[in-house]
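Here are a few friendly notes to read beside the model. Have a look at the structure, then go through the points in order.

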Amino acid sequence: MRKPIIAGNWKMNGSRSSIKELLDGIKAGVGEVKSAEVVVCAPSIYIADVAAQLEGTDIAWGGQNLSTEPKGAFTGEISADMLLDFNCKYVIVGHSERRSLYGETDEIVAEKFEVARKAGLRPILCIGETLQEREDGVTNDVCARQIMAVIERSGVQALLDGVIAYEPVWAIGTGKTATPEQAQETHAAIRKLIAEKDASVAEQVRIQYGGSMNAGNAAELLAMEDIDGGLIGGASLKAEDFLTICKAAG
Ligand code: PEP
C-alpha cells in the first residue's frame, strides 16, 4: 500500500503574515486528514518561520530547490545541510520552472536528486512534458528520459528515497488539468518503465500528479490507481482548498 502524499509548492508567494495565517488554517483542519502525508514547500527565506510553526505537528515541510554544492562561494544558493538545519524533510528538484527558466538539465536535476537523498532529504522529482511534446506524441519518452537520468546516476532503488511528481508542463498554473484518464495513462507508463528495472521499486514508489489540481478536481484524479497524491501550486495557498485536497487523498 502506498501512502498518499500531498505537497504544497508555494513557489515565490506569501509573506510572514500570510504564511502564518495559511499555516494556522492548515493546522486547524489537518486532524481531519486520515492517512495522507501532508507537506508544504516554502520559499527558503520563510523556512525558519514554517519550521517554528509546524514543529510537533503531523505536517512536514521542505524547500523548493537546493544547490548541488555542499558549501562555499555560490552566492544565493541553499545547501542540503542548510535545509536539514531547519528540519526540512523534503525538497523539490527539477520543477519545470527551474528546468525552463533556470536552465536545469536532466543531469543537473539528477545530481540534485542524488545530493538531496545522500544528505537525508527526500527529493520530490518533477518530470513532465510540454504541450508541444504531448502534441508530438512523445510524452512517455520525455518522462522516461527525465527518470532515466536519475536511475543512471543513482540506481533504481534510489527512487524509493524520494517521490516522483508527474507534472504536465501545459497544466501547471494554467487551470488546464490533465483528465484523470490522461494522468493515469502516463502514471502507469512511468510505473511500467520503472518495473522494467525493478518491479518492487515500481510497486512501492509514490507518483504524485501536479498541474492545476484543485479542491474541485482532486478527488477524481486521486481515485486513479497509479496516482498516489498531488503536488499543488496555486491551490496550496488557500488553507481550505489545500485541506480539501488532502482529505480527498485519504
Ligand atoms: C506546481 O507548481 O507544481 C503546480 C502543480 O502548480 P499549479 O497547481 O498551480 O498548477
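What is the volume of the largest pocket?

1. The largest pocket comes to about 610 Å³. Here a pocket is an open set of points on a 1 Å grid over the protein atoms alone, where a 1.4 Å probe fits, with protein on both sides within 12 Å along at least five of seven lines. Volume is the space filled by probe spheres set on the points, which are joined across faces, edges and corners.

2. Please bear in mind that this is a predicted model, with local features needing pLDDT of at least 70 and side-chain atom pairs pLDDT 80 or more, while totals for chains, interfaces and linings use all residues. Residues are numbered from 1 along each chain as its sequence is written, and side-chain values use heavy atoms, without hydrogens and water.

3. Lining the largest pocket are 21 residues, each with an atom within 4 Å of a point. Nearest its centre lie Lys11, Met12, Gln64, Asn65 and Arg98. Helix 4 (residues 96-101) gives the most to this lining, with 3 residues; helices are DSSP runs of H or I, at least four residues, and strands are runs of E, at least two.

4. Lys11 also deserves a look for its backbone: its phi is positive, about 50°, although it is not a glycine. Lys11 sits in the loop between strand 1 (5-9) and helix 1 (16-29).

5. Asn87, likewise not a glycine, has a positive phi of about 60°. Its loop runs between helix 3 (80-85) and strand 4 (90-93).

6. Asp58 belongs to the loop between helix 2 (47-54) and strand 3 (59-63). Asp58 and Val38 are 20 residues apart in sequence and 7.4 Å apart in space, C-alpha to C-alpha.
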